[in-house]
Amino acid sequence: MLPKLFQELLKEWHLQLERALPWVNENDPYKIWISEIILQQTRVLQGLPYYTKFLETFPDVFVLAKSSESEVLKCWEGLGYYSRARNLHWSAKYIVNELNGVFPERYEEIIKLKGVGPYASAAIASFAFSLPCAVLDGNVHRVISRIFSVTADITTSKGRKIIQDIADKLLDKENPACFNQAIMDFGATVCLPASPLCDQCVFADHCTSYLTDTQRDFPFKKVKKPLRNRYFHLFLVKAGKYIFLSHRKEKDIWRGLYTLPFIETRDERWEFPLEGIQIGGISIEENQIQILNYTDQQILTHQRIHLFFHQVTLARMEEKLAGDNLEIVPLTNLNDFAFPKFLRQFIVNNTALFEYK
DNA sequence: AATTCGGGGGG
DNA sequence: CCCCCAGAATT
């Protein structure tokens, strides 16, 4: 299919169905940037409220650069992939300190921002600066691999290059922003992953996989490996109106967020060590621990976290800390901390936590 | 090239 | 259940 025809059919379709979203027809690179990062691996409906809240909290790159990482993470709480928030904050400081607060205006410069890869750089370049850069997201991979029956594995660099070459040729260089918006809207509303709406597709007559009834074979991806199981025992250590929180700094899930201190075990069984456990320099004896009748599971992309909750009530809160990222926090201040979603829900559900509020 | 980062929605 | 979502960084 010739690029000109593809562009015309796409444009014709887009006239009827353009998704009305706050970042569409926006050309402030800062706002485009925020929206693209929020929408990485995130559905529009999930990201929408965060987009609004983020721009209210950090209206421009200077405010974002002056804020603390904790404030940015707090705004990101519950959205997931928290490195996006840390990278946004890092890049804002980079723009203010190294680029005099001026947002970079070329693809090769935009992609130097942390957290901005090939997709986001092309999106910002086209939406904010009308540069002829074709975006490649999950939608575009699906649309192109189906119409042209691309059999290569799109999770490999070879497969992505094949799609990129096709997308570069298809791109309407007179109006890259509209083209990119349209092809993503099309993938999101017509060329659907499981059951594409081929009977109302403007490309049906030209779609090689539709013509051979092989739409569902594309895009090709190799099978993914099973989840890794992990077992966390979390301790709600209360003393009067204080509890312990752990600030996660290791290279693992939820870096930068706060959790209840926890111990990871090999399987669901938990054998209390003879020497007892240490939390914040305090030795916890087994008979101080109450098993809360509450467990949960948290499914991540590559892990299944089995969560077990325990409660420890201390007569008084020790002042000295072991220093392993533990903080003593008044129960009334819990809203100031960014937690993984499941923990915020646990805290909200555990009304006893708020008896001092 | 493979792995690891969350959380949610829909079939 | 399983898949995938306006992907990118790290190993």
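Domain bounds here come from an automatic or database domain assignment. On that basis, chain A is divided into domain 1 (3-217) and domain 2 (228-354). The centres of domain 1 and domain 2, taken over C-alpha atoms, are separated by 37 Å.

The model is predicted: local features need pLDDT of at least 70, side-chain atom pairs count only at pLDDT 80 or more, and totals for chains, interfaces and linings use all residues. Residues are numbered from 1 along each chain as its sequence is written, chains are lettered from A and ligands numbered from 1 in the order in which they are written, and side-chain values use heavy atoms, with hydrogens and water left out.

The size of an interface is often given as the accessible area lost when the parts come together. Buried area is the accessible area (1.4 Å probe) that two parts lose on being put together, summed over both. Between domain 1 and domain 2 it is about 820 Å². Carbon and sulfur atoms give 50% of this area. On the domain 1 side, Lys74, Glu77 and Tyr82 lose the most area to domain 2. Together they make up 51% of what that side buries. In terms of contact (heavy atoms within 4.5 Å), 7 residues of domain 1 meet 13 residues of domain 2.

DNA strand C is surrounded by 26 residues, counted as near if one of their heavy atoms lies within 4 Å of the strand. The closest are Trp23, Leu39, Gly115, Ala120 and Arg142. Of the atoms of DNA strand C that come within 4 Å of the protein, 65% belong to sugar and phosphate. Helices are DSSP runs (H or I, at least four residues), numbered from the N terminus.

Backbone atoms reach the phosphates of DNA strand C. The corresponding distance is 3.0 Å for Gly138 and 3.1 Å for Tyr119.

Ser67 sits in the loop between helix 4 (61-66) and helix 5 (69-76). Ser67 is buried, with a relative accessible area of 11%; buried means under 20% (1.4 Å probe, protein chains only). A polar atom of its side chain lies 2.6 Å from the backbone oxygen of Leu64. Leaving aside neighbours within four places in sequence, Ser67 is in contact with Phe58, Val72 and His89.

How values were computed
Helix = DSSP H or I, 4+ residues; strand = E, 2+ residues; numbered from the N terminus. Buried < 20%, exposed > 50% of the residue type's maximum accessible area, 1.4 Å probe, protein only. Polar contact = N/O pair within 3.5 Å; in protein donor to acceptor, adjacent residues only side chain to side chain.
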